[in-house]
Structures are given as C-alpha cells and as structure tokens.
Amino acid sequence: MKEEPREKVKNAVTATVTRAHLIGICGTAMATLAAMLKHKGLDVRGSDQDVYPPMSDFLAAEGIPTRAGYLAEHITSDLDVVVVGNAISRGNPELEEVLDRKIRYCSLPEAIREHFLWGAQSIVIAGTHGKTTTTSLAGWVLTHGGTDPSVLVGGIARNFGEHGSSYRMGRGRAFVIEGDEYDSAFFDKTAKFLKYLPDIAVVTNVEFDHADIYADFDAVALAFRRLVNLIPRRGLLLIGADSPGALALESAAVSRVETFGLGGDVDWQGHDLEVAGASTRFRVRRGGSPFGEFVLPLVGAYNVRNALAAIAIATDAGIGVDRIAAALERFAGVKRRLEIIGTAGGVTIYDDFAHHPTAVAETLAGLRAANPQARIWAVFEPRSASSCRRIFQDDFARAFAGANEVLIAQVFRSKLPEAERLSVSQLVRDLNGRGQAARAADSIDDIIGAIVGEHTPGDLVVIMSNGGFGGIHRKLLQALS
C-alpha cells in the first residue's frame with residue numbers, strides 16, 4: 001500500500017525537533033499536546049499567564065516545567081520549535097521574541113499533524129455538538145476492541161487513565177482525534193480540523209456557532225465542506241443524517257459515505273430507545289437489517305446518535321457487534337457532560353458544558369426523559385462567544401422547555417455592544433410568556449440563594465456553562481449541605 005511513504009514524510013518533518021516550548025501551555029488542548037510530545041521523547045516546557053489547577057497539577061504530574069507569565073527570556077537558544085496557542089496574539093513578549101529571532105513556530109493543530117498523524121489512520125470527529133463524547137466513545141470502543149488506538153479528546157474521558165484523561169497513547173495505527181472548527185492561531189484563521197489528515201471523518205451535525213470568527217451559517221458549512229474534501233477516495237465519511245446541515249455535505253464527498261441517525265433512510269439507524277435510570281437501551285439497524293442491541297450508560301437521544309457513529313467506526317475496523325456492545329455498556333462518560341457533582345439536601349447537582357441552544361435543549365430533554373416526574377432547575381451562564389450574542393435570542397427562548405425552573409446569569413462578555421448582546425431580561429420575559437418559571441440572577445449568590453431557599457428533596461439542578469462559572473457547583477453543594 002502507500003503507508004510507507006507517509007511514514008517517511010513524517011520522519012523527515014520531525015526528525016530534528018527535540019526541544020519544544022508551548023506559549024499558552026495551560027489550555028486543555030495545549031497541556032495535552034505537551035504531555036503527548038513528552039511521551040514521544042521530546043524535551044517539553046511551556047509558559048502561561050495563569051498557572052493554576054487543574055492544568056498545573058496535570059503538567060506537574062507529567063513532569064513538564066511550566067513558567068508563570070510571558071517573558072522574552074523564556075525563549076532560549078536551544079529551542080527547536082515553539083507552539084503558539086490560539087489565545088496568543090501579537091504583543092505577547094514570547095511571541096515577539098520568536099518572530100524577531102525567526103525561531104521555527106507552529107500552531108497546535110500543525111504540531112499534532114506533524115508529530116502524530118502523517119503515519120496514522122486519522123479518525124477525525126467533527127460537528128457543532130457531540131464531538132467530545134463521540135471521540136471518547138469511538139476511542140474507548142476501539143481500545144476495548146483491541147486495536148490499541150491513540151486518542152486525543154477535548155475533555156476528560158473517564159475510561160482513560162486512573163482518574164480520566166484527555167489523551168491515550170496507543171501502539172496501533174488508529175488515531176482518534178476531536179476535530180474542532182475553531183481557528184488555529186493568530187497567523188492561521190482556518191479551522192483546526194483542516195490539519196488533521198482525515199482517513200475517516202465523522203460530522204455529527206452542522207449548525208451556526210462561533211459567531212466571533214464565522215459570519216454566518218454558510219461560512220461554517222464551508223469549513224466542513226473543506227474537511228470533507230480532504231478525505232481520500234478509500235476513506236470514509238460518516239454523516240449525522242438527522243442534521244440537515246450535515247446531510248448537505250454528502251454531495252461534496254469523494255470517499256465512501258455512510259449515514260447514521262434516528263430517522264429512516266439511513267445506513268445506521270438507532271430505534272426503540274428505552275430509558276432506564278441513567279442508561280439508554282436501543283436497537284440498531286444497518287442498511288435496514290437488524291444489527292444489534294446496546295445499552296449505553298448515558299441519557300438523551302443525542303448520545304444514542306453519538307454512539308451510532310462509534311459503532312460504525314468500530315465495525316469498519318473489524319470489531320464484532322458483541323465486543324462493541326460490551327464496550328458501550330462499560331463507557332464511563334466524560335467530565336462536564338451531565339456529570340453528577342454531588343447530592344446534598346436531597347438535591348442532585350449536574351455540571352454540563354452546554355452553551356448552544358441546541359445543546360441546552362438536548363441536555364434538558366435527555367434528563368427529562370430519564371426523570372419524567374422530577375423538578376428540574378436549569379442554571380445557565382451565557383459565556384461563549386456565540387451564547388453571549390443576540391443572534392440566539394429566539395433560540396434560547398425555546399431551549400429550556402425541559403426545565404421547571406430557569407435561572408439565567410448575566411452575560412459574561414458584558415463589553416459587547418448592547419445591540420449585539422443577548423438580552424437576559426428579554427429572554428426571561430419570553431420564557432415567562434411560554435409559561436415557564438424563569439428569572440434573571442445578578443450574581444452567583446442570588447442563584448444559590450434561590451435554590452437553597454426553594455428546593456425540595458428530589459430536585460435536579462443542571463448548571464450549564466462552557467467556563468468555570470465562578471465555582472458555583474461546589475458553592476451550591478456546600479450551601480445545600
């Protein structure tokens with residue numbers, strides 16, 4: 001086959017790199033890359049403006065020196081390459097030193113490609129929603145199936161490492177990687193996933209997001225079409241057919257295409273979903289014929305779709321249905337995806353990364369299906385670049401239907417012009433107009449006070465934000481205790 005030339009290219013590109021410095025090393029993806037490079041034998045170090053747990057603990061455990069603050073003297077003469085995080089911009093003292101001295105530099109996705117992907121079978125998991133869970137599922141099913149893949153996740157997958165991990169280094173050829181459509185670096189505003197050399201690509205769904213870098217849905221769709229255009233003729237594109245935006249990509253493919261979803265006329269169809277506690281039992285048809293029955297220890301139809309993609313990947317790798325089923329039943333989940341933080345005062349507190357209207361709606365619908373009689377509190381922080389903007393004003397008014405009580409925090413990016421900024425007061429009025437009990441909260445203390453004062457045993461509280469939300473999860477747990 002043609003694998004040998006690819007391996008030679010990889011060696012030629014990376015043979016001279018022995019020392020690397022990462023600017024912005026405490027980001028989750030950058031810290032994970034640092035650990036992977038060290039496991040490959042490189043001398044790795046880095047710096048960040050703020051060095052604090054959990055990433056400081058992660059880097060210390062990996063034995064990677066981390067310097068606090070950005071200083072020109074951190075760029076030493078022995079460095080072979082500097083990896084520039086996508087949060088780093090002109091004016092950063094270390095970046096300016098790199099440019100002045102013309103030291104070799106690259107973005108995070110370029111570093112991943114050059115050091116890990118040229119000789120691998122690259123399995124890229126992309127989509128507006130579900131990337132992290134689907135990457136974790138696919139990586140775990142392949143691992144349990146004996147293919148010994150490498151895996152890079154944009155979160156903490158509980159099946160890897162002693163306490164969960166964002167990566168796994170395997171000896172097999174498969175490399176399962178979460179493909180982010182966000183931009184790569186200050187010098188490269190194209191999507192990260194365009195560097196990942198896909199042999200297999202999954203597109204779970206396509207919707208408008210990342211309003212800070214994409215002008216509209218067409219711009220987002222173009223990025224995904226470019227990804228599809230990179231798949232070799234002998235490769236495979238797996239499309240989430242329940243998403244019109246994803247299904248529209250089928251015509252752009254040169255490779256094999258298989259579709260998955262819960263609707264009809266798909267190659268991989270999930271059906272007969274039954275929720276039992278914190279798990280979902282479902283059946284799968286392949287090409288219209290019965291394929292197998294599975295139990296997934298997650299709730300929500302969206303997670304069944306994610307599992308369908310993993311099932312298709314594993315089947316393409318030659319793993320049998322029984323082995324796939326056993327792996328799915330042992331899936332331990334991902335941190336910050338309906339993760340139970342604890343229970344106090346009879347109230348269960350969940351942490352979830354949802355910040356897009358569709359993700360909020362799907363998360364609440366999944367929890368409601370598993371707990372039809374429970375009183376559900378939805379606590380939402382508009383924090384991401386898109387959720388802070390007015391463009392999703394109407395969509396958010398429809399997203400909280402699965403909740404009984406809705407508490408909306410203030411917009412995190414308050415410096416946005418008012419005409420562009422999500423109106424929390426309008427959102428509350430719209431939710432009230434739909435018959436929902438919703439209110440705005442000026443502070444974390446207001447949110448905690450409302451729940452502590454009004455909760456009843458058996459209540460479920462889902463805290464949704466793509467950031468730390470001021471540590472509200474533990475504060476609420478303590479207050480309820």
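I began with strands β1 (residues 19–23) and β2 (residues 43–48), which pair in the parallel sense over 5 bridges; I took two strands as paired if DSSP finds at least two bridges between them. Within this pair, His21 stands opposite Arg45 in β2.

I noted that the model is predicted, with local features needing pLDDT of at least 70, side-chain atom pairs counting only at pLDDT 80 or more, and totals for chains, interfaces and linings using all residues. Residues are numbered from 1 along each chain as its sequence is written, and side-chain values use heavy atoms, without hydrogens and water.

Helices (H or I, at least four residues) and strands (E, at least two) are DSSP runs, numbered from the N terminus.

I next traced the whole sheet: it is open, has 5 strands in the order β3-β2-β1-β4-β5, and its pairing is parallel. Strands β3 (66–68) and β5 (105–107) each have a single partner and stand at the edges, so one side of each lacks a neighbour in the sheet.

I then turned to helix α9 (residues 301–316). Its 16 residues, at 1.5 Å a residue, should span 22 Å, and the end C-alpha atoms are 23 Å apart, which agrees; the expected span is 1.5 Å times one less than the number of residues.

I found 13 of the 16 residues of α9 buried, so the helix is largely enclosed by the rest of the structure. Buried means under 20% relative accessible area, exposed over 50%, and partly exposed in between (1.4 Å probe, protein chains only).

Just after α9, I recorded a positive phi of about 90° at Gly318.
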